[in-house]
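Hello,

Here is the structure for you to look over. My notes follow below it.

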Amino acid sequence: MATVRSRVIGAFDKLAAQQPDVIQTGTIQQPTPTTSGGGPSDPTGGTAGATPAPVLVRMAVFEINEKRIDGTNIQAGDYQVIVEPTSIEVTLDDLIICDRGTLTIAILGREAPGGVTLLYDMVCRG
């Protein structure tokens, strides 16, 4: 019996086979962590750690429908980005790098019934 997660990955595979321009490969770049310092008594901001390697993912990137733009949460020029399950938990601090450039996550949507992430459905801005 197929799991819901494997069905989501299968749906991405089908879309990629039928419409190759819909699904693209991009990366998620996590922020560089601070390894030490950076507290109230440390004006340097702390010592940067090693930058994590970009995580390769498949995604679909769409322009936001004009009807969804409210000018506050969703703005003109934002993109809807759907990312298949990946090896990391995506956070608002991560960057999405795709054919539209480097995007910041404005709204992080996560479909995770039962606590297992099936996909991310995000609003991102360039």
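The chain holds one helix and nine strands. Both are DSSP runs, numbered from the N terminus: helices are H or I with at least four residues, strands are E with at least two. Along the sequence the order is α-β-β-β-β-β-β-β-β-β.

This is a predicted model, in which local features need pLDDT of at least 70 and side-chain atom pairs count only at pLDDT 80 or more, while totals for chains, interfaces and linings use all residues. Residues are numbered from 1 along each chain as its sequence is written, and side-chain values use heavy atoms, leaving out hydrogens and water.

Overall form: the C-alpha atoms fill a box of roughly 55 × 40 × 30 Å along the principal axes. Of the 126 residues, 33% are buried (under 20% relative accessible area, with a 1.4 Å probe and protein chains only). Among contacts (heavy atoms within 4.5 Å) with a separation of 6 or more, 56% join residues 24 or more positions apart.

Cysteines: a disulfide needs a pair of cysteine sulfur atoms within 2.5 Å. The count is zero. Cys98 is in no disulfide, and the nearest cysteine sulfur, that of Cys124, is 7.7 Å away. Cys98 is buried at 13% relative accessible area. Cys124 is buried too, at 0%.

Best wishes

Key
Buried means under 20% relative accessible area, exposed over 50%, partly exposed in between (1.4 Å probe, protein chains only).
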